[in-house]
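Hi,

Here is the structure I said I would pass on. Have a look at it first, and then read my notes below.

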Amino acid sequence: MSAAAVEHPCEDEPELSLLEEANELAEQLPGRRVEIIGGVITVAPPPDGPHARALTKLMRPFIAAGLDDGGSEVLQGVGLWLPDGPEDFAIPDLALVDADLDEHRLENNCYDPAVFRLVLEVTSSNYRSDLRHKVAAYAEAKIPVYVILDRKHSRLHVLTEPVGGTYDRHEVYAPGQEAPLPESIGAAVSLDVAELVKAGRAKPSPPDA
C-alpha cells in the first residue's frame with residue numbers, strides 16, 4: 001500500500017486536514033481507492049479483472065445463504081469509519097452489514113462499524129496492507145469477521161474474535177479446502193478456496209491458431 005500526501009507550495013494556503021487531503025486525492029485519482037489507515041493516507045491501485053471476478057464469486061455464497069435479504073445486506077465498496085484515529089476510514093472490497101445501515105451513517109459517507117458483521121478484502125499489489133495494517137484497524141473497530149483472499153500466496157484467511165488491535169483466531173485455508181465462516185454472521189456459509197484462488201488469477205492467453 002502506498003502512502004500519499006498533498007503538497008502545499010504556497011505558504012498562505014490554509015492547511016488541509018488529513019480527511020480533506022484524502023478526499024482531494026480521491027478526486028485527482030478516479031478509480032483508485034483512497035483510505036486513511038492508522039493516520040496515514042493510502043492509495044490502492046484500480047482493481048484488475050481477476051480481482052473483480054474473484055469478488056463476484058465471493059458474493060454468491062452470501063447471497064445464496066439469504067444474507068442479502070431481510071436483516072442483512074451484501075455490499076461492495078461501502079465506507080467504514082474507524083475508531084483508531086480521528087479521521088480514519090476504510091473501504092473494504094465487500095461487507096456484510098445489518099439492513100438498517102442507512103440509519104448509522106457517520107462522517108465522509110462512512111458508517112458505524114457496529115453494523116458490519118463481516119468485511120472482506122481481495123488483495124492486489126498492496127497486499128501487505130490487507131494482511132497487516134487492516135488486520136489491526138478492523139480488530140480495533142471490533143469487526144467480528146475479517147476474510148482475506150490472498151491472491152499472491154493463493155490462500156484464504158479467516159480472522160475472528162477481535163481483541164484490541166488483533167484477532168484471537170486466525171485460520172488459513174489452501175486450495176482444496178472449504179473455509180467455513182462463523183454462523184454468527186447470520187447463516188451457514190462456506191467458501192471454496194480453489195474456486196476463489198482460480199478466479200483471482202489472470203486467465204491464460206489462448207494459444208495461437
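The lining of the largest pocket is made up of 8 nonpolar, 6 polar and 3 charged residues.

Before going on, two notes on the source. This is a predicted model, where local features need pLDDT of at least 70 and side-chain atom pairs count only at pLDDT 80 or more, while totals for chains, interfaces and linings use all residues. Residues are numbered from 1 along each chain as its sequence is written, and side-chain values use heavy atoms, with hydrogens and water left out.

Back to the pocket. Its volume is about 220 Å³, meaning the space filled by probe spheres set on the grid points, which are joined across faces, edges and corners. A pocket here is an open set of points on a 1 Å grid over the protein atoms alone, where a 1.4 Å probe fits, with protein on both sides within 12 Å along at least five of seven lines; lining residues have an atom within 4 Å of a point. Of the 17 lining residues, Arg33, Pro45, Pro47, His51 and Asp93 are the closest to the centre. Helix 2 (residues 49-64) gives the most to the lining, with 3 residues. Helices (H or I, at least four residues) and strands (E, at least two) are DSSP runs, numbered from the N terminus.

Now for Glu121, which sits in strand 9 (residues 116-122). Is Glu121 buried or exposed? With 0% relative accessibility, Glu121 counts as buried (under 20% relative accessible area; exposed is over 50% and partly exposed in between, with a 1.4 Å probe and protein chains only). Leaving aside neighbours within four places in sequence, Glu121 has contacts (heavy atoms within 4.5 Å) that include Arg33, Asp93, Tyr138 and Tyr146.

Those two tyrosines are both buried: Tyr138 and Tyr146. The count of aromatic pairs is 1. The ring centres of Tyr138 and Tyr146 are 4.8 Å apart and the planes are at 80 degrees, so this pair is edge-to-face (rings of Phe, Tyr and Trp, its six-membered ring, pair if their centres lie within 6.5 Å; planes under 30 degrees apart are stacked, over 60 edge-to-face, the rest tilted).

Last, a loop to look at: Asn108 lies between strand 7 and strand 8. Asn108 has a positive phi of about 55 degrees although it is not a glycine, and is partly exposed at 28%.

Cheers

Definitions and conventions: Nonpolar A, V, L, I, M, F, W, Y, C, P; charged D, E, K, R; others polar.
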